[in-house]
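Terms are given with their cut-offs where they come up.

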Amino acid sequence: MKRRTVVALPVAVAAGLLFAGGCGGSPGSRGDASTAPRTPRAAATAQPAASTPSADPSASALPPGAQPGLHDVTGDGTPDPTCGTQDFGAGLVLRLPCGDFSQYAHTPEDGTRLVANSLYRLPGPDDVDLTGISGENLAATDAAGRETFILIFNSDALFDTGSFAIGSTDTLDATIRLINSHYAGGDIQVRGHTDATGSAASNQTLSERRADTVRRYLVDHGTRAASVTSVGLGSTHPLAEEANPDGSPDPEGQRFNRRVELVVRLHQ
């Protein structure tokens, strides 16, 4: 996976950047300054202009059905709105950026083809140091409006084939430092995934054990979180295609799907 650096965007400034309201009006008219020779007339008094009601910024600035967003997807300095949601399983329902955001989406470096509506296509910010983490960071908003970050790293960096015992802890140690410095105090869900080789039952068990192993490591090594839970999803939510167009197996796609995700939901 391509290594990128990301940072959480500030939430508090979103409303001030997205919306601007105003009121209009015209200046009062001036009276006729002339007077008749024998019948004086009082000068006309300027009348205050009628106030034009301010438009509702949220109604005028957002597409129909959209909600204010928390992240600047397009990089123009303004948080972009969200339109609709997508369910990624195990309680992870995320709002999606409005319109076509494919040019801002993550893409695998090795030519691996993403499945339709892959979680990996979601954008991510670009200012947090991922040094030491073999993975990627996505940014989103969940259905409840909470700022959400998804750290994705390949299982091959943590586990031997078919094993749920952690080998090198370098990636997890770096991940704990990242969470404590940028995402402390959130709710973390550890999600285990496998490729589609092997039986569904064995893949489900392996994904559950790997996710629980990572959960226990985070808890035992000082991760600053309100809660840490785990879930295994087997091979039911792939990121990438595991077969080439000619039907032959795609080892890179299989490797891409063997992963652990840390979903961090920040408290508002």
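Thr 148 has 0% relative accessibility and therefore counts as buried; buried means under 20% relative accessible area, exposed over 50%, and partly exposed in between (1.4 Å probe, protein chains only). This is a predicted model, in which local features need pLDDT of at least 70 and side-chain atom pairs count only at pLDDT 80 or more, while totals for chains, interfaces and linings use all residues. Residues are numbered from 1 along each chain as its sequence is written, and side-chain values use heavy atoms, with hydrogens and water left out.

Thr 148 belongs to strand 4. Helices (H or I, at least four residues) and strands (E, at least two) are DSSP runs, numbered from the N terminus. The side chain of Thr 148 reaches the backbone oxygen of Arg 146 at 3.0 Å. Such a polar contact is a pair of N or O atoms within 3.5 Å; within protein, one must be able to donate a hydrogen and the other to accept it, and residues adjacent in sequence count only if both atoms are side-chain atoms. Leaving aside neighbours within four places in sequence, Thr 148 is in contact with residues including Leu 94, Leu 138, Ala 140, Val 263 and Arg 265. Contact means heavy atoms within 4.5 Å.

Seven strands form an open sheet in the order 1-2-3-4-7-5-6, with mixed pairing. Strand 1 (82–87) and strand 6 (227–232) stand at the edges with a single partner strand each, so one side of each is left without a neighbour in the sheet. On average, neighbouring strands of this sheet are turned by 35° against each other, direction ignored. Two strands pair if DSSP finds at least two bridges between them.

Strand 3 (residues 135–142) pairs with strand 4 (residues 147–154) in the antiparallel sense over seven bridges, and Glu 136 stands opposite Ile 152 in strand 4. Strand 1 and strand 2 (residues 93–97) are also paired in the antiparallel sense, over four bridges, with Thr 85 opposite Arg 95 in strand 2. Five residues lie between strand 1 and strand 2 in their hairpin, and Gly 89 in the turn has a positive phi of about 90°.

Leu 96 lies in strand 2. The C-alpha atoms of Leu 96 and Gly 84 are 5.9 Å apart, and the two residues are twelve residues apart in sequence. Not counting residues up to four places away in sequence, Leu 96 touches several residues, among them Pro 81, Cys 83, Thr 85, Arg 121 and Leu 122.

**The helices**

Helix 4 (residues 200–220) lies across strand 5, strand 6 and strand 7, running at about 165° to strand 6. Axes are lines fitted to C-alpha atoms, for helices over the stretch in contact, and angles run from 0 to 180 degrees between N-to-C directions. Ala 211 is found in helix 4. Not counting residues up to four places away in sequence, Ala 211 touches Val 190, Arg 191, Gly 192, Ser 230 and Val 231.

In helix 3, the buried residues include Leu 172, Ile 176, Leu 178 and Ile 179. What covers the buried residues of helix 3 includes strand 4, strand 5, helix 4 and strand 7. The 13 residues of helix 3 should span 18 Å at 1.5 Å a residue, and the end C-alpha atoms are 18 Å apart, which agrees. The expected span is 1.5 Å times one less than the number of residues.

**A loop residue and a table of burial**

His 71 sits in the loop between helix 2 (57–61) and strand 1. The side chain of His 71 makes a polar contact with the side chain of Glu 147 (3.2 Å).

| Residue | Relative accessibility |
|---|---|
| Thr 148 | 0%, buried |
| Ala 211 | 0%, buried |
| Leu 96 | 13%, buried |
| His 71 | 9%, buried |

**The chain as a whole**

The protein chain has five helices and seven strands. Of its 268 residues, 41% count as buried. Among contacts between residues at least 6 apart in sequence, 68% join residues at least 24 apart. The protein chain exposes about 13500 Å², and carbon and sulfur atoms supply 52% of it. Accessible areas come from the Shrake-Rupley method with a 1.4 Å probe; for residues, only the protein chains shown count as cover.
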